[in-house]
Amino acid sequence: MNPANFNVTQPDIADLAQRYPNIMNPSPRGKIMTGLLAVAMVALIAFAAWWLGLSFARVISGINQLGLFAWLMMPPDAGSQTSLYFRALGETLAISLLGTVLGAVLAFPLGILAAANVLPSWIFRFGLRRSMDVLRSIDILVWALIWINVVGLGPFAGVLAIASSDIGAFGKLFAETIEGASAKGAEAIRSTGGSRLHELRFGLIPEVLPVILGTILYFFESNTRSATIIGIVGAGGIGLHLYEQIRTVEWQHVSYMIIMILVTVAIIDYGSSKLRAAIAGRQPEHRKS
């Protein structure tokens, strides 16, 4: 871009100073408070590092060990387990897909009911939103441990863990998307004599559906990584094999599976970004490095 486009004249500066006096001309008290806040944040970070025993010396001393692990991982090799690892990776993708879809299907009606422009009863909405807060505040790994004890080891527990975590997150995002939707479509349906249900079905949902679909695609990409982690605790997928190879110090097998996971996530990321851009009706923006 031409730097001349960013030239700011004196009248512009005066206008900015008038519109944002606290930013352009902060008071002495504001400067003192900002400085105290910065000092307090630095002190808090330093205390947390001291409390946890973090130090650069420990990091530097461990670089040699890290280099040794990297050396032992080369070259990546699956041995005779290639088909087993690919089958396990397919299981991980299935866990992510089913968990994401199940969570989205269950969260969709909850998100509608939690939207203020759909349900005027704030008491019901408050209870529903707090319930979704509880669901998403529990980490997916904890959900995996819970469901493993309920339904046993295997991919079924992984699907339920992802769905349980996603219900709360999807419900909140869907509700906020519906609340931010334009009311023109619903008003048009109402003007033709449509019922409240018609307003929702033909006026509101078609408007927010592209955003909701884009959100689901993004969560599928994220849940693919999560499905790998929960596999370590016995929820199925390639994570279990990854943990076993780390435990038996088969580092070449570990690096092979890590590369498999990285390539798979990259492909899903690229594909989902294309689909989200197509749903939004525009091409993805590429940044110049």
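Trainee: How many residues apart are E176 and K172 in helix α9?

Mentor: This is a predicted model. E176 and K172 form a salt bridge, with the closest N and O atoms 2.6 Å apart. Both residues lie in helix α9, separated by about one turn of the helix, and the spacing is four residues.

Trainee: Which residue meets E179 in a salt bridge?

Mentor: E179 lies in helix α9, residues 155–179, and its partner lies in helix α7, residues 122–137, so the pair ties together parts that are 50 residues apart in sequence. The N to O distance is 2.7 Å, and the partner is R129.

Trainee: Which helix holds both R247 and E244?

Mentor: The side chains of R247 and E244 meet in a salt bridge, 2.6 Å from N to O. R247 is exposed at 51% relative accessible area, whereas E244 is partly exposed at 27%. The two residues are three apart, about one turn of the helix, and the element is helix α12, residues 238–247.

Trainee: How many salt bridges does a search of the whole structure find?

Mentor: Pairs such as E179 with R129 and R247 with E244 belong to this group. There is also a network of salt bridges that links R130, D133 and R136. The search of the whole structure gives a total of six.

Trainee: The charged end of R130 sits over the ring of which residue?

Mentor: R130 has a part in the salt-bridge network with D133 and R136. Its charged end also sits over a ring, 5.0 Å from the ring centre, and that ring belongs to F126.

Trainee: How many aromatic pairs does the whole structure have, and what is the angle between the planes of F47 and W50?

Mentor: A search of the whole structure finds eight aromatic pairs. F47 and W50 form one that is tilted, with the centres 5.8 Å apart and an angle between the planes of 35 degrees.

Trainee: Is W50 buried, partly exposed or exposed?

Mentor: F47 and W50 both lie in helix α3, residues 28–52, three residues apart. F47 is partly exposed, with a relative accessible area of 47%. Exposed means over 50%. W50 has a relative accessible area of 62%, so W50 is exposed.

Trainee: Why is the pair of F170 and F219 tilted?

Mentor: Planes under 30 degrees apart count as stacked and those over 60 as edge-to-face, with the rest tilted. The ring centres of F170 and F219 are 4.5 Å apart and their planes are at 40 degrees, so the pair is tilted.

Trainee: Which helices does the pair of F170 and F219 link?

Mentor: F170 and F219 are both buried. They also belong to one aromatic cluster, together with F108, F174 and Y218. The pair links distant parts of the chain, 49 residues apart, with F170 in helix α9 and F219 in helix α11, residues 196–231.

Trainee: Leaving aside neighbours within four places in sequence, which residues is V151 in contact with?

Mentor: V151 has its place in helix α8, residues 140–151. At 35% relative accessibility, V151 counts as partly exposed. With those neighbours left aside, its contacts are F156, A157 and L160.

Trainee: How many helices does the protein chain have, and what percentage of its residues count as buried?

Mentor: The chain has zero strands and 13 helices. Among contacts between residues at least 6 apart in sequence, 74% join residues at least 24 apart. The accessible surface comes to about 18500 Å², with 69% belonging to carbon and sulfur atoms. Of the 289 residues, the part that counts as buried is 31%.

Notes:
Residues numbered from 1 in each chain as written. Predicted model: local features only at pLDDT ≥ 70, side-chain atom pairs only at ≥ 80, totals over all residues. Heavy atoms only, no water. Salt bridge = Lys/Arg side-chain N within 4 Å of Asp/Glu carboxyl O. Buried < 20%, exposed > 50% of the residue type's maximum accessible area, 1.4 Å probe, protein only. Phe/Tyr/Trp six-rings, centres within 6.5 Å; stacked < 30°, edge-to-face > 60°. Lys NZ or Arg CZ within 6 Å of the ring centre and 35° of its normal. Contact = heavy atoms within 4.5 Å. Areas by Shrake-Rupley, 256 points an atom, 1.4 Å probe, with all protein chains shown as cover.
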